[in-house]
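This note sets out several points on the structure for a reader who is new to such models. Please keep the sequence and the structure in view while reading.

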Amino acid sequence: MKEIYLDSNATTCVLPAAVAAARQAMEQGYGNPSSTHATGLQAKAMMDGVRQRVSGLLGVGDGRLMFNSGATEGIQTAVLSALCALRERRDAGKRIGSLLLYGATEHKAVPESLAHWNRLLGLNLEVRKLPVDAQGRHDLQALDALIGDAAMLCTMAANNETGVVSDLSAIAQLLQERGADAYWMVDCVQALGKLKLNLAATRIDYAPFSGHKLYAPKGIGMLYVRAGAPFTPLMMGGGQEAGLRSGTENMAGIAALGAVLAALDDGKTFRSHADLAAFREQLVASLERAFPGIVFNMPFDLSLPTTLNFSVPGLSSKELLDLFDAARVRVSSGSACSAAKALPSYVLEAMHVPQWRASSAIRLSFGPLIDAATVTAACARIERCGAALRRSCLLPSALAPSPQDGAQDGIIQLSVDGQCTWLLSDAASASCVVIDPVAALVPRLAAFIRCQHLTLRAIVHTAPPADHGVARLALLQELAIEQVGRIDIDGELALGQQRLRRVECGENHVYLLGQCFAFVGALAPEALTPLLDAALVTQDTVLCASGDDGGICRTVSTVRDGIVPSAELQLDAAALPVFLRQHPDAILVDVREAYEHAACAGTVFEGCEVRSVPLSRLAGQVAEWLQQPQRPLVFFCRSGNRSARAAACLRRLGHGAAWQLNGGMAMAEATRHPLAIAA
Ligand code: PLP
């Protein structure tokens, strides 16, 4: 199953002709364009040729165009140039505006550069966000009100998260009507190759570009500067680029960019706007089939045809990203991810989309090189992702579940913000018990119970009554039931053949499933001594807590200070075949969610069966694995995080041969490991 790359707004692959051109520049045309001998002159001729092509394509006219390392450098240079000129004007006693205005949806490079150079140059102007409307376009009324005070205005041609195309003509008209003298930078990164540009015919002073967004390599970019616009070099030195940007040019990058622009010029390599729009329609239809209830976060008629931004109710961007990644469809989360939590997208927040959409958005973007076969294959995989999700019963309640699969036995751990709810399900009796429900998990719990056609036998709590009400009531309401069973007088509840037994432990309750599992709530293992003394639990009883400290589960005998250093748990993908030959009894365990496992259509490795045991079901499985503490277990997941938790948990519980695949499927795929090749 080949990767399908749909994250072109982040970066693209390199056009084969660009690879060839770069190679040629490195192997044959390796001269320094500043050298005066023939080798240097040849290199210079190549570079001049590319510059000429760019000038034609972008309509540079009398303006200047320099090669640099990319848009971040271009933005720096533009901001530095404008701010230096402003300082000079102010020092000369001339009036300058008090605002450095930037569109609320600009790439972070813009406000960060404005703040940086404003501070360094001691200008101390006010860096102010220009709001956008619900469509993501600049609020022209707000601009009208502010433009008189603006010393610099930074807007973008098209947004990287949503593809929304700015109304540059309307902005230009407003600038003209108000006689504004603000310097104007337009970030054209996402416009290159997708929107027609004729720069010298506009009022734009600075326009940065980045090669890697259009099939050139990373590290090559361009900056357009209007004739007459002030300029201050960011880099001083040997005077390359007519003194505008010193440093020996990135000739391989320039050659590659030249090849891309030649392809753009020939009109045959890249797809037309109409083709791209039709591909987008095809993808939208599949997304709608896969994820009923999906909401698109961009106006179709005002966006690039190559960008989709969407949210699915009840699913976080992390879950969707994991799912797509498992199907080897590369998309990106529309929101910036910090280590622990996905932060909402500031672009979508600026558009005032509801909070849940801003924090669960996915961006799918492709480039104009895409072909029909790739789009069709992507659609098939997207639809498979939807089917996998439906089967897993983890789709939110608003979306129709597929009832064909019956209930499964299991102990399922659902976590949110460090709190856990446990769900005990019994397939034979099609019933379940919920232990310590957390309010935020209620929609998901209800969806799962309904989708699996389970009868909710009871909702039980380990802590004293004070904390119960809200989540319990919400779950009952969500399931439209008035009351559920209670633990009987003997403190027991039958769940099919199993008995859930309630015992007191201080002020708290502990729920026991035989001697195998104890749901202990917030109790520390040390507090269980009375239950140990009464032989209600053993040293090996799996303890399922209501707090999620990342450890999944533990036992009374878990040796905290016996934690195996994580490096010792890691198996490298390259070492796995040898390991498996040496340990033919090893079990490979996919700890990704069941829908991720299903989306990648099952993986096989040298006849070794891969078992799917999602991290959320791991606790229910550990007792069985601990019976064979020397039988190797190799956990794997997408990136290595979840498998690291699984391996560490098993080791802490006393399993002597639990491992994790270092770097997860991502690294296994990178090394073209057979494990990564889906059946
Ligand atoms: N501006 C926009 C709109 C972008 O999408 C990006 C890259 O994501 C940049 C600027 C920065 O480009 P680079 O990282 O190539 O310097």
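Predicted model: local features only at pLDDT ≥ 70, side-chain atom pairs only at ≥ 80, totals over all residues.

1. A definition is needed at the outset: two strands are said to pair if DSSP finds at least two bridges between them. With that in hand, one may turn to an open sheet of 4 strands, arranged in the order β9-β10-β13-β12 with antiparallel pairing. The edges of this sheet are formed by β9 (295-296) and β12 (332-333); each has a single partner strand, so one side of each is left without a neighbour in the sheet.

2. Within that sheet, the pairing of β10 (residues 307-311) with β13 (residues 362-365) may be examined residue by residue. The two strands run antiparallel and are joined by 4 bridges. Which residue of β13 stands opposite Asn309? The residue is Arg363.

3. The chain has 679 residues, of which 55% are buried, and it contains 20 helices and 27 strands. Its C-alpha trace spans about 90 × 60 × 50 Å along the principal axes.

4. The domain assignment divides the chain into domain 1 (4-10 + 272-391), domain 2 (32-266), domain 3 (410-561) and domain 4 (570-670). The centres of domain 1 and domain 3, taken over C-alpha atoms, are separated by 36 Å.

5. Around the ligand are Ala71, Thr72, His107, Met156, Asn160, Asp187, Val189, Gln190, Ser210, His212 and Lys213. By class, this shell comprises 3 nonpolar, 6 polar and 2 charged residues.

6. How far is an oxygen atom of the ligand from an N or O atom in the side chain of Thr72? The distance is 2.6 Å. A nitrogen atom of the ligand is likewise placed 2.6 Å from an N or O atom in the side chain of Asp187. For Lys213, a polar side-chain atom lies 2.5 Å from an oxygen atom of the ligand. Taken alone, the ligand exposes 400 Å², and the protein buries 84% of that area.

7. Strand β20 (residues 508-513) runs antiparallel to β21 and is joined to it by 3 bridges; Leu513 has Phe517 as its bridge partner. These two strands form a hairpin with 3 residues between them, and Gly514 in the turn has a positive phi of about 55°. Strand β22 (residues 542-545), by contrast, runs parallel to β21, with 4 bridges between the two. In this pairing, Gly521 is the bridge partner of Ala545.

8. Is helix α9 (residues 317-326) mostly covered or mostly uncovered? The helix is mostly covered, as 9 of its 10 residues are buried. Among them are Leu320, Leu321, Leu323 and Phe324, and the buried set also includes Glu319, Asp322 and Asp325. After α9 comes Arg328, which has a positive phi near 60°.

Key:
Residues numbered from 1 in each chain as written. Heavy atoms only, no water. Near = heavy atom within 4 Å. Polar contact = N/O pair within 3.5 Å; in protein donor to acceptor, adjacent residues only side chain to side chain. Areas by Shrake-Rupley, 256 points an atom, 1.4 Å probe, with all protein chains shown as cover. Nonpolar A, V, L, I, M, F, W, Y, C, P; charged D, E, K, R; others polar. Domains from an automatic or database assignment. Buried < 20%, exposed > 50% of the residue type's maximum accessible area, 1.4 Å probe, protein only.
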